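My entries are below the structure.

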Amino acid sequence: MQGMSERQYAAHVGLSRGAIQKAKTAERLVLYPDGSINAAASDARRAETTDPSKTRKPPAPKLKPVPEAAVAAVGDTLREQGLAVPTVGGGTTFLQAKTANEVLKAQERRIRLQKLKGELIERARALALVFRLAREERDAWVNWPARAAALMAAELSASCRDASGQQITVEPAAMQKVLEKHVRAHLDELAEVRPDFR
């Protein structure tokens, strides 16, 4: 065989074997006497007889646009590590993005390890525990005046005397009302506190 087979020539020019067979039938290829294809001569003949407006151009590679949030995240990660950050609108280089990705993977592994060691808990669980504890604390304070009023009234009655030396009796119900008023005022102040869970 002097020249190329149909399959070899199709691979050489980047066409299908069916397209080469059509070109062969239309006598747009130069053949050797044994039926093999003369590649150099066939390339020249195809270039002469092919209309450039009908040739298919290879499609431009489709690049997916990178979301701004991803570029900002790369910048934030690099900034946290004290590394060079891309300028605004200047784009991020592949090396910067790869460095940020490696840093994030290392941080993720460290967090996973801390979770396995029991050093970290989930944020939702921590918030639920803090909320439950705060509610229990509030309920304990709300119920405290009813428990403590009678004891405090008895202690004050035992130790309080008027100017004539007569013992003063403090009513537990009155003591409870005063205590409840002050406890509720204090709980209202605490309700204004908003913890920052960043």
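These entries go from the core to the helix pair and then to the loop.

I kept in mind that the model is predicted. I looked up the largest nonpolar core and found that it has seven residues, namely Tyr9, Ala10, Ile20, Ala23, Leu29, Ile37 and Ala39. I then noted which elements give two or more residues to this core, and these are helix H1 (6–13) and helix H2 (17–25).

I listed what Ala10 touches once residues up to four places away in sequence are not counted, and the list is Leu15, Ser16, Arg17 and Ile20.

I looked up how H1 and H2 are placed, and their axes come within 9 Å and cross at roughly 105°. Since angles of 65 to 115 degrees count as roughly perpendicular, I therefore wrote down H1 and H2 as roughly perpendicular to each other. For the contact itself, I noted that Glu6, Arg7, Tyr9, Ala10 and Val13 in H1 meet Arg17, Ile20, Gln21 and Lys24 in H2. I sorted the residues of this contact of H1 with H2 by type, which gave four nonpolar, one polar and four charged.

Is Ser36 buried or exposed? I located Ser36 in the loop between H2 and helix H3 (39–49), and it counts as buried because its relative accessibility is 2%, where buried means under 20%.

Notes: Residues numbered from 1 in each chain as written. Predicted model: local features only at pLDDT ≥ 70, side-chain atom pairs only at ≥ 80, totals over all residues. Heavy atoms only, no water. Core = buried A, V, L, I, M, F, W, Y, C linked by side-chain atoms within 4.5 Å. Buried < 20%, exposed > 50% of the residue type's maximum accessible area, 1.4 Å probe, protein only. Helix = DSSP H or I, 4+ residues; strand = E, 2+ residues; numbered from the N terminus. Contact = heavy atoms within 4.5 Å. Axes fitted to C-alpha atoms, helices over the stretch in contact; angles between N-to-C directions. Parallel < 35°, antiparallel > 145°, perpendicular 65-115°, else oblique. Nonpolar A, V, L, I, M, F, W, Y, C, P; charged D, E, K, R; others polar.
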